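Please look over the sequence and the model shown here before reading on. The report that follows goes through them topic by topic.

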Amino acid sequence: MLKIYNTLTGRKETFEPLVPKTVRMYVCGVTVYDECHLGHARSALVFETVRRYLQYCKFKVRFVKNFTDVDDKIINRAKELGIPWQAVTAKYIKAYYRDMKRLGIRKATVEPKATTHMADIIGLVRTLLRKGIAYRADGDVYFQVEKFPAYGALSKRKLSDMQAGARVEVDERKRHPMDFALWKAAKSGEPAWNSPWGPGRPGWHVECSAMSMKHLGKTFDIHGGGADLIFPHHENEIAQSYAATGKELARYWVHNGFVQINQEKMSKSLGNFFTVREIFEKWGYREPVTGEVLRYFLLATHYRSPVDFSDQGLQEAKRALDGFYGLFQRLKESSGAKGPGDSQLKQSIERLNDGFRQAMDDDFNTAAAIAQFQELRVEVNRLLVTGLSRKAREKAREALRSFGAVLGLFQLLWRDWEFKDLYPPTGWLNTNTQMPSRPEEQHRAHGPHISSVPTLSDNEIKEKIDERNEARRRKDFKRADEIRAELTSFGITVEDKPDGTTRWKR
RNA sequence: GGCGCCGUACCCAAGUGGCUAAGGGAGCAGUCUGCAAAACUGCGAUGCGGCGGUUCGAACCCGCCCGGCGCCUCCA
């Protein structure tokens, strides 16, 4: 039985979709005016994992994730770069897809853009005006929060409390300082769509209400996003949608915690962010390896907790995955058809099955789920010493791979994994100093990539290994150790197995 | 000022009323090894920021305090 923590009620609730066996979920995506940083990646990953697990539980999932492609920040960025705003959004939508692909994050069922839903947005604003919940002021349209009694229910705040400390610019045209824009009149040169209130563009919140309604209906099951969207974004969505339809917008509100640097929220304004792009380009491992390391790193912490990004954290995730891929290698290489450990393996896999489901059913506890994988890893290693039949070894691998798939882990071939430790292994990620705010500058600040470690081809390695084993047979251990040192210098680890053969890892 | 979150071993991190407080990393000791590496085995919090309280029983509930953070303005 799946339980989900609902921000609206503040507790875990048993999940039951409105329509049996079908889940409709909406997640607020990104505003496309810059590169994604790790915080965006975490949110995308968390909700993709939610979706994957729901699918694993045999739900049919309709997953909508939007792009905000019209907004003040986009307009500003366009001015800054001296290019049309459409070029800005096109560029960063492309960058977003590139990053998601590297992280192994699949596309949503529908990925709508605000700019292609103008009719829906205008229709929604018109409804709110007709119902007297919104009002016009010059070319703008505002939502009147005082007409919505439940305002503040999600973020647990009262209008009266907020007035006290809110340093909102006093806009004389607003009836209440918390009233928010549904439609903004365009100044000259700004992107504009025709509307009954003159040319302009939608406010930020209204697009999500319009698009979710269009693609999922008036009420759907799960609405997600980063915790920083609880207020005002999601609060405003609820107000608009409910005011327009008279129906509950979403039944389960799910919010992920922040990525932090040195205990502080990663954000543009603090300048302490790392873009997904620079992590991939500078961490030195090949893309699929870095992608999985990032997934592991992020999923090893529960999605609602903050996660502190650091070089050490990444290293630990890498080492943990080394352990799993090392096991995959051993499972493949081991020989012997007899399997004294076979019956025990069956039990172990059964335990993983139960443990995994229990963990994930408890509000998507990926950290606890990963612990289950670790336990199976140890048990299989142990059983491998006892002896596992070929069939059992295949089963063990398959169990890890199929459960791992729900988290997007263990999907590579062990041959494609990179076991070597990077050298210098740490230090590229200097989290103690203020980061320059532009990725371009950061590259310069941190010097060249460290991925250009010289390497050898498989054949060259094989020759060296053969030569070394020949030396070992002659008991010329001095020569054997020389060769091993040489291979080490190329980032290759040599392991002599008990049966006399040698395996190597890059 | 309002609302909220976090503080579990050297590090990361589950657990939120009741078996011996998961799991990983690091460390130490051992098995194996020509030496290594890997793997395995063993060791590691009588205690969960502090102090009180509720309870037969609390890391988990309540209160106060200390430390850190977030939202209230664009923010995943």
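Which polar backbone atom is 3.0 Å from a sugar or linking oxygen of RNA strand B? The atom belongs to Lys156, and the pair is a polar contact, meaning N or O atoms within 3.5 Å, where within protein one must be able to donate a hydrogen and the other to accept it, and residues adjacent in sequence count only if both atoms are side-chain atoms.

## Basis of the model

This is a predicted model, in which local features need pLDDT of at least 70 and side-chain atom pairs count only at pLDDT 80 or more, while totals for chains, interfaces and linings use all residues. Residues are numbered from 1 along each chain as its sequence is written, chains are lettered from A and ligands numbered from 1 in the order in which they are written, and side-chain values use heavy atoms, with hydrogens and water left out.

## The surface around RNA strand B

A residue is near the strand if one of its heavy atoms lies within 4 Å of it. There are 56 residues around RNA strand B, of which Lys73, Trp204, Gly226, Leu229 and Arg484 come nearest. Helix 12 (residues 366-386) gives the largest share of this surface, with nine residues; helices are DSSP runs of H or I with at least four residues, strands are runs of E with at least two, and both are numbered from the N terminus.

On the side of the RNA, 66% of the atoms within 4 Å of the protein belong to sugar or phosphate, and the rest to bases. Base nitrogens of RNA strand B also take part in polar contacts: one is 2.9 Å from a polar backbone atom of Val259, and a polar side-chain atom of Glu316 lies 3.5 Å from a base nitrogen.

## Domains of chain A

An automatic or database domain assignment divides chain A into domain 1 (22-260), domain 2 (283-445) and domain 3 (458-505). The centres of domain 1 and domain 2, taken over C-alpha atoms, are separated by 35 Å, and 26 residues of domain 1 are in contact (heavy atoms within 4.5 Å) with 29 residues of domain 2.

## Asn6 in strand 1

Asn6 is placed in strand 1 (residues 3-6) and has a relative accessible area of 1%, so this residue is buried; buried means under 20%, exposed over 50% and partly exposed in between, with a 1.4 Å probe and protein chains only. Polar atoms of the Asn6 side chain lie 3.0 Å from the backbone nitrogen of Leu8 and 2.9 Å from the backbone oxygen of Arg251.
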